[in-house]
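This report treats selected local features of a single model. The sequence and structure come first, followed by the description.

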Amino acid sequence: MATIATVKGKSPSWGKNCFIADNATLAGDIVMGDDCSIWYGAVLRADVDAIRIGNRVNVQDNACIHQTTGFLVTLEDDVSVGHGAIVHAATVRKGALIGMNAVVLDGCDVGENAIIAAGAVLLEGTKVGANEMWAGIPAKFVKKEDPAKAKMFAEHYMYIKEWYRNK
């Protein structure tokens with residue numbers, strides 16, 4: 001069973017049709033919408049500020065979502081956070097994809113339908129525009145991207161979460 005922890009009197013909550021893997025951890029002030037999936041080994045820890053997650057968001061295996069005082073984490077609707085990625089005290093806009101093992105640091109704002117490539121590191125305060133792809137260490141703008149490309153990943157996870165949710 002997943003670890004669901006109350007911290008400083010605040011407990012995680014989520015909407016309908018969500019899948020939370022058996023070894024995922026949700027701690028503290030987390031509010032998550034409908035149809036989300038939190039996969040194996042993922043950790044969402046909201047102990048000093050909040051984590052706010054929209055609908056149809058997937059946080060894949062071994063990802064880490066954490067905040068810091070004065071900087072909550074916001075994952076808007078249809079966001080995908082890839083395997084092993086870290087999102088720390090940042091905002092990820094609707095339909096964006098954070099690639100596998102990417103790192104998004106404090107104060108970053110990832111635009112709608114943007115793609116942060118696998119292994120990229122967005123330095124503190126980086127602003128990524130809508131439909132942009134960023135890659136590298138530190139991450140830099142690579143090209144404009146088709147707005148539908150990132151959303152495809154969120155749609156895929158809507159489908160496969162049902163294999164696990166209804167087991």
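Helices (H or I, at least four residues) and strands (E, at least two) are DSSP runs, numbered from the N terminus. The model is predicted: local features need pLDDT of at least 70, side-chain atom pairs count only at pLDDT 80 or more, and totals for chains, interfaces and linings use all residues. Residues are numbered from 1 along each chain as its sequence is written, and side-chain values use heavy atoms, with hydrogens and water left out.

**Backbone in the loops**

In the loop between β19 (132-135) and β20 (140-144) lies Pro138. The peptide bond that joins Ile137 to Pro138 is cis, with omega near -10°.

Asp78 is buried, with a relative accessible area of 5%; buried means under 20%, exposed over 50% and partly exposed in between (1.4 Å probe, protein chains only).

**Cysteines**

With a disulfide defined as a pair of cysteine sulfur atoms within 2.5 Å, a search of the whole structure finds 0 disulfides. The sulfur of Cys36 has its closest cysteine sulfur in Cys18, at 4.7 Å, which is too far for a bond. Cys108 is likewise in no disulfide, the nearest cysteine sulfur being that of Cys64, 15 Å away. Cys36 is buried at a relative accessible area of 0%, and Cys108 is buried at 2%.

**Helix α1**

Trp163 belongs to helix α1 (residues 147-165) and is exposed, with a relative accessible area of 54%.
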